[in-house]
Amino acid sequence: TFGKLGFCPEPTLQLVARHAATDFWRFKPQELDNLTYGFALVKFRNESYLGRLCRHLVEEGRVEQLDAQSLVCMAYSLALLGYLHHPTLRAIGDRCIPKMPGFKPEEFSILVYSMGVLNFRHHDLLKAVVEQAPPVLPRFST
């Protein structure tokens, strides 16, 4: 909301990022991806926050708890911030593959777009998109 209002006080964003990074487990998965997406919308790239977040997702296994929407949102946020972290993108892609039968059309397009923006090639993910997307094509509106 602050970003849409043109009010993004850097010290406040730094404080929020530092506080959040001390214990990501306190956040529900959707809260975690919403916070990261909020930072991305206001173009706030905090290397410490992002590094800690990626470790949390991969090394602490939190990526396993993210639903399809949260996985796609996390990939999109990293893309908006230009934050290329191979292990995290690999883990996101790996978790998305079995969830694809339930993907909404926009989840396919946003996920592929996000990986493309970061020039990250996840061959298994792309193969799964090619296999899983055709039944969903009639639901694509744009």
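**Helix packing and a buried histidine**

Trainee: Which residues in H4 meet Pro29, Gln30, Leu32, Asp33, Thr36, Tyr37, Phe39 and Ala40 in H2?

Mentor: Heads-up, this is a predicted model, where local features need pLDDT of at least 70 and side-chain atom pairs count only at pLDDT 80 or more, while totals for chains, interfaces and linings use all residues. Residues are numbered from 1 along each chain as its sequence is written, and side-chain values use heavy atoms, leaving out hydrogens and water. Helices are DSSP runs (H or I, at least four residues; strands are E, at least two), numbered from the N terminus, and contact means heavy atoms within 4.5 Å. On the H4 side you'll find Ser70, Cys73, Met74, Tyr76, Ser77, Leu80 and Leu81.

Trainee: How is H2 oriented relative to H4, roughly parallel or roughly antiparallel?

Mentor: Their axes (lines fitted to C-alpha atoms, for helices over the stretch in contact, with angles from 0 to 180 degrees between N-to-C directions) come within 9 Å and cross at roughly 20°. Angles under 35 degrees count as roughly parallel, over 145 as roughly antiparallel, 65 to 115 as roughly perpendicular and the rest as oblique. So H2 and H4 are roughly parallel.

Trainee: Is His56 buried or exposed?

Mentor: His56 sits in H3, residues 47–58, and its contacts beyond four places in sequence are Phe24, Trp25, Leu32, Gly61 and Arg62. Buried means under 20% relative accessible area, exposed over 50%, and partly exposed in between (1.4 Å probe, protein chains only). With a relative accessible area of 0%, His56 is buried.
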